[in-house]
Amino acid sequence: MIDSYLLSLLIFSPLVGIIILAFVPKGQHQLLKAIGFLTTLLPLVLALMVYVNFDHAGSGNQFAETRDWISFSNSGLLAYGIDLAIPYELGLNGFAMVLVLLTAIVSTLAALASVIQIKSGFKAYFMLFLLLEIGMLGVFASQNLFLFFLFFELTLIPMYFLIGRWGFLDREKAANSFLIYNGLGSAVLLIVIVTLFVVTSTTNIDQISNMMQMVGPEGDNLKWGLLIALLVAFGVKLPIFPLHSWMLRVHVQAPPAIVMLHSGVLLKIGAYGLIRFGVGFFPEQVSQMAAILAILGVINLLYGAYLALIQTDLKMVLAYSSISHMGIVLIGVAALNDVGMQGAVFQVVSHGLISALLFFLIGVYYERTNTSLIPNLSGLARSMPVASGFLLVGAMASLGLPGMSGFISEFLAFLGLFREMPIISAVGTLGIILTAVYLLRAVLNVTFGPTPEKLKELQDIRPVEMVPVLVLLAFIVLIGVYPSILAEPLQASLQFILAGIGG
């Protein structure tokens with residue numbers, strides 16, 4: 001039955017394109033671009049199949065795959081006299097399924113953006129792009145920590161080259177910064193995984209979760225150490241202040257199509273890891289440090305919003321906006337109740353869609369003007385009225401306009417925290433006000449005012465460029481007006497996570 005290997009097909013389907021691209025001459029530009037884009041439709045179709053066939057009422061992993069993979073004799077490694085094995089394990093709960101679908105959607109749209117915006121090196125670019133997609137899909141579908149780590153590392157290699165080869169002026173510095181910070185985060189994560197393997201003799205995520213909750217008070221110090229290490233490892237990825245500086249460089253220097261993937265999907269690995277492993281493995285410790293998480297979330301929210309307010313580069317505005325919006329994820333997690341956690345997950349998905357939309361539009365503007373500096377972009381509503389309208393709609397979604405996904409996620413996250421920590425929640429709402437200010441300031445300065453002579457004859461957004469915009473806007477509005485489409489598959493998995501803390 002296809003269900004028994006559907007996830008493997010989904011994860012590794014981009015390999016089809018990589019293999020075909022390897023045999024296409026690098027001078028066949030149009031063919032290379034067509035193959036690169038069309039290949040992303042394979043995982044998209046399979047991800048939609050997974051969503052349609054997913055049992056929303058089920059709390060366990062679905063489409064599970066378990067096969068023998070790595071086994072070795074316990075040569076004095078552990079106290080128990082048993083052989084050890086690391087199986088090949090895949091499966092999806094509601095949270096992971098939603099992120100797999102988000103990855104497939106954003107990847108397809110980013111591939112289309114690449115066809116439009118990338119000007120050279122198509123063969124290598126799309127091979128790396130598809131390799132990156134394999135890593136992203138595998139991260140969310142993995143059911144053991146070793147496999148998760150392999151896919152996690154797989155995302156770093158192609159991302160490094162995509163930034164360093166196809167980025168802007170300081171692309172090499174941005175690529176090196178990305179690799180150093182994420183490499184250090186990976187090293188910390190590996191220490192956690194090895195420690196958990198030594199303690200539990202398994203890498204299965206559900207088994208580790210059950211076993212760690214059975215550890216008595218004598219293991220509290222170990223739990224605290226592992227939780228803090230996870231917070232650092234995934235805090236780099238999210239990112240949490242002050243582990244964020246690398247992300248600013250990537251958002252500014254990477255090609256817009258790659259930033260769509262980075263802000264839309266890769267940052268979400270940090271949120272996924274904190275919720276799935278941090279809360280899942282160490283619920284008691286997380287509940288004890290909930291106030292610290294809430295404060296970190298508010299710091300992220302206010303720090304990112306304030307610095308976005310004073311930026312003169314549209315890319316930097318959105319980069320700091322990403323930091324600010326990831327603070328809302330922390331706020332929702334810190335609530336440790338059903339409403340707040342649901343808000344955190346909604347924010348993960350909502351920001352993935354909205355940031356992909358906004359960075360794509362920046363790419364549209366940059367392709368025509370060769371700049372993203374706000375002082376050099378003025379009065380574009382006259383020469384590019386449709387693109388300017390889309391930019392305004394994207395900003396409205398980002399600041400939380402009712403009827404769009406941003407409103408639902410922010411409302412649920414703050415409502416959840418207000419139940420537990422009303423004062424911290426009230427302080428955090430200042431960030432929502434600042435969000436409206438910096439986004440409207442940036443958009444109004446770009447779209448209105450006098451139009452410089454060199455910007456008066458710009459071509460407006462083309463029909464092919466409208467495809468990613470309309471698709472992303474459709475999902476943003478759909479989640480905003482019908483949030484149950486996202487909430488239903490999440491309920492069972494979030495309740496299972498919160499059961500450990502009595503949420």
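Q: Which residues are buried in H4?
A: In this predicted model, the buried residues of H4 are Pro-43, Leu-44, Leu-46, Ala-47, Val-50 and Tyr-51, where buried means under 20% relative accessible area, exposed over 50% and partly exposed in between, with a 1.4 Å probe and protein chains only.

Q: Where do they sit, seen down the axis of H4?
A: They fall within an arc of 170°, so they line one face of the helix; the arc is that of the directions from the helix axis to the C-beta atoms. On the other side of H4, Val-52 and Asn-53 are exposed.

Q: What should the 13 residues of H4 span?
A: Helix H4 covers residues 41–53, and at 1.5 Å a residue it should span 18 Å, which agrees with its end C-alpha atoms being 18 Å apart. The expected span is 1.5 Å times one less than the number of residues.

Q: How are the numbers and values set up?
A: Residues are numbered from 1 along each chain as its sequence is written, and side-chain values use heavy atoms, with hydrogens and water left out. Since the model is predicted, local features need pLDDT of at least 70 and side-chain atom pairs count only at pLDDT 80 or more, while totals for chains, interfaces and linings use all residues.

Q: Okay, on to H2: which of its residues are buried?
A: In helix H2, residues 14–22, the buried ones are Pro-14, Gly-17, Ile-18 and Leu-21. They cover an arc of only 100° around the axis, which puts them on the same side of H2.

Q: And what do the buried residues of H2 pack against?
A: They pack against helix H1 (6–12), helix H3 (29–39), H4 and helix H6 (122–141), with contact meaning heavy atoms within 4.5 Å.

Q: Is Ser-107 buried or exposed?
A: Ser-107, which lies in helix H5 (residues 94–117), is buried, with a relative accessible area of 0%. Leaving aside neighbours within four places in sequence, Ser-107 is in contact with Thr-40, Phe-129, Glu-133, Met-136 and Leu-261.

Q: What about Tyr-366, which residues does it touch?
A: Not counting residues up to four places away in sequence, Tyr-366 touches Phe-168, Lys-315, Thr-371 and Ser-372. Tyr-366 is in helix H16, and at 22% relative accessibility it counts as partly exposed.

Q: New topic: how many cavities of 30 Å³ or more are there?
A: A search of the whole structure finds 4. On a 1 Å grid over the protein atoms alone, a cavity is a set of points where a 1.4 Å probe fits but cannot get out, a pocket is an open set with protein on both sides within 12 Å along at least five of seven lines, and lining residues have an atom within 4 Å of a point.

Q: What is the volume of the largest cavity?
A: The largest cavity has a volume of about 90 Å³, a volume being the space filled by probe spheres set on the points, which are joined across faces, edges and corners. The largest share of its lining, 3 residues, comes from H12.

Q: And how much space lies in the largest pocket?
A: About 310 Å³ lies there, and the pocket is lined by 14 residues, of which Gln-117, Ile-118, Lys-119, Trp-166 and Phe-168 lie nearest its centre.

Notes
Helices (H or I, at least four residues) and strands (E, at least two) are DSSP runs, numbered from the N terminus.
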